[in-house]
Amino acid sequence: MTHLNIDLEKCIGCGKCARMCIKDHIEIVDKKAREKDNGCLECSHCVSSCPKGAIELIPSEPNGNVFKELKKDKVFDGRPVSDEDLQELFKAMNKTIDAYKCEMFVLQGPELDSFIETVWEIVNEREADMPVVKEWRQYRMRHNMERPSPVLWESRQLMFIFANSPDDAATASVRMVAKGLNLGIRGYHSNIVMAAYKACPERILEYFPDATKKLYMAYVIGHPRRLIEPVMKPMEKLKGVFGKR
């Protein structure tokens, strides 16, 4: 079954779509992208990663895909968000609410690598509840972790928001969305990370010894490789960048 409409005139054979595909469903033949019969997850990573806009997804279940909330804003150019820009996001987050109702932490570098492994250990036994876990397992087996984690793709930072209440976290997120767009930053909420937190909060909170509030959001953040629907969703607190608030 065909899942992708690939415009061969636009395709330049760069291979970004093939590298991003969890299922190895795309190959480069004669400098053009082509579908393989490996089963498509309809996650749209190939669509977002194509620098020429040559790929269109043909969804088989427009309203039933388990990845429909996980397929936007997932391709970054590898540049981390600077400390200065993180400070601007934090200022915007707390601008219109009582001082320090929210805390923001960022994980990056070796600490982020360790965190992702912890998330994997927690969700590894939850395949029945989370179909995406099965795909993550198969991806790890095929690539032996040589490619970016499907949780992060090419981002290098995870942002977390801790707050006194869901309303405070939501208010902070809205303010940060606007500031992030101005700074050329975007991100997406990680359902997998939050699922790990709900399943085993004590292990996740080990990474945030200075947090004094409750974790409500986890965001993968970065600079977009190309601006497709430049939308940034609510963002969260960052570790190792800001001290205790």
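The secondary structure of this protein comes to eight helices and eight strands. The model is a predicted one. Of the 245 residues in the protein, buried residues make up 48%. Among contacts between residues at least 6 apart in sequence, 77% join residues at least 24 apart.

## The nonpolar cores

The largest nonpolar core has 33 residues, of which F115, V119, L158, F160, I204 and F208 touch the most other members. At least two residues of this core come from each of β5 (102-108), α4 (109-123), α5 (131-143), β6 (157-163), α7 (191-199) and β8 (214-222). Helix α4 gives the most, with seven residues. A second, separate core holds 18 residues, including M93, M104, I161 and I185.

I204 illustrates how the largest core is connected, being one of the members that touch the most others. When neighbours within four places in sequence are left aside, I204 is in contact with F115, V119, I122, A196, Y197 and L215.

Helix α4 has 15 residues and reaches 22 Å from its first C-alpha to its last, which is close to the 21 Å expected at 1.5 Å a residue. Its buried residues are L112, F115, I116, T118, V119, W120, I122 and V123. In an α-helix there are 3.6 residues a turn, so residues three or four places apart point the same way.

Which residues of α4 meet α7? They are F115, V119, I122 and V123, and their counterparts in α7 are I192, V193, A196 and A199. The contact of α4 with α7 consists of eight nonpolar residues, with no polar and no charged ones.

| Helices | Axes come within | Crossing angle, roughly | Hand |
|---|---|---|---|
| α4 and α7 | 9 Å | 65° | left-handed |
| α3 and α6 | 8 Å | 145° | right-handed |

On the α3 side, the contact with α6 is made by D85, E88, L89, A92 and M93. On the α6 side, it is made by A172, R175, M176, K179, G180 and L183. The residues of this contact divide into six nonpolar, one polar and four charged. M93 of α3, which takes part in this contact, is also a member of the second core.

## Buried positions in loops

S190 is found in the loop between β7 (186-189) and α7. With a relative accessible area of 4%, S190 counts as buried because this value is under 20%.

G78 is found in the loop between β4 (55-57) and α3. Is G78 buried or exposed? G78 is buried, since its relative accessible area is 14%. Residues up to four places away in sequence aside, G78 touches E154 and R156. G78 and Q157 are 79 residues apart in sequence, and their C-alpha atoms are 9.7 Å apart in space.

## The β2–β3 loop

D30 and K31 are both placed in the loop between β2 (26-29) and β3 (32-35). Most residues other than glycine have a negative phi. The phi of D30, however, is near 55°, a positive value in a residue other than glycine. K31 likewise has a positive phi, of about 65°, although it is not a glycine.

How accessible are these positions, and what of V29 in strand β2? D30 is exposed, with a relative accessible area of 68%, and K31 counts as exposed at 66% relative accessibility. V29, placed in strand β2, counts as partly exposed at 28% relative accessibility, because this value lies between the 20% and 50% limits. The C-alpha atoms of V29 and G15 are separated by 9.9 Å, and these residues are 14 apart along the chain.

How values were computed. Residues are numbered from 1 along each chain as its sequence is written. This is a predicted model: local features need pLDDT of at least 70, side-chain atom pairs count only at pLDDT 80 or more; totals for chains, interfaces and linings use all residues. Side-chain values use heavy atoms; hydrogens and water are left out. A nonpolar core is a set of buried Ala, Val, Leu, Ile, Met, Phe, Trp, Tyr and Cys residues joined through side-chain atoms within 4.5 Å. Buried means under 20% relative accessible area, exposed over 50%, partly exposed in between (1.4 Å probe, protein chains only). Helices (H or I, at least four residues) and strands (E, at least two) are DSSP runs, numbered from the N terminus. Contact means heavy atoms within 4.5 Å. The expected span of a helix is 1.5 Å times one less than its number of residues. Axes are lines fitted to C-alpha atoms, for helices over the stretch in contact, and angles run from 0 to 180 degrees between N-to-C directions. A crossing is left-handed if the near helix is turned anticlockwise from the far one by less than a right angle, and right-handed if clockwise. Ala, Val, Leu, Ile, Met, Phe, Trp, Tyr, Cys and Pro count as nonpolar, Asp, Glu, Lys and Arg as charged, and the others, Gly among them, as polar.
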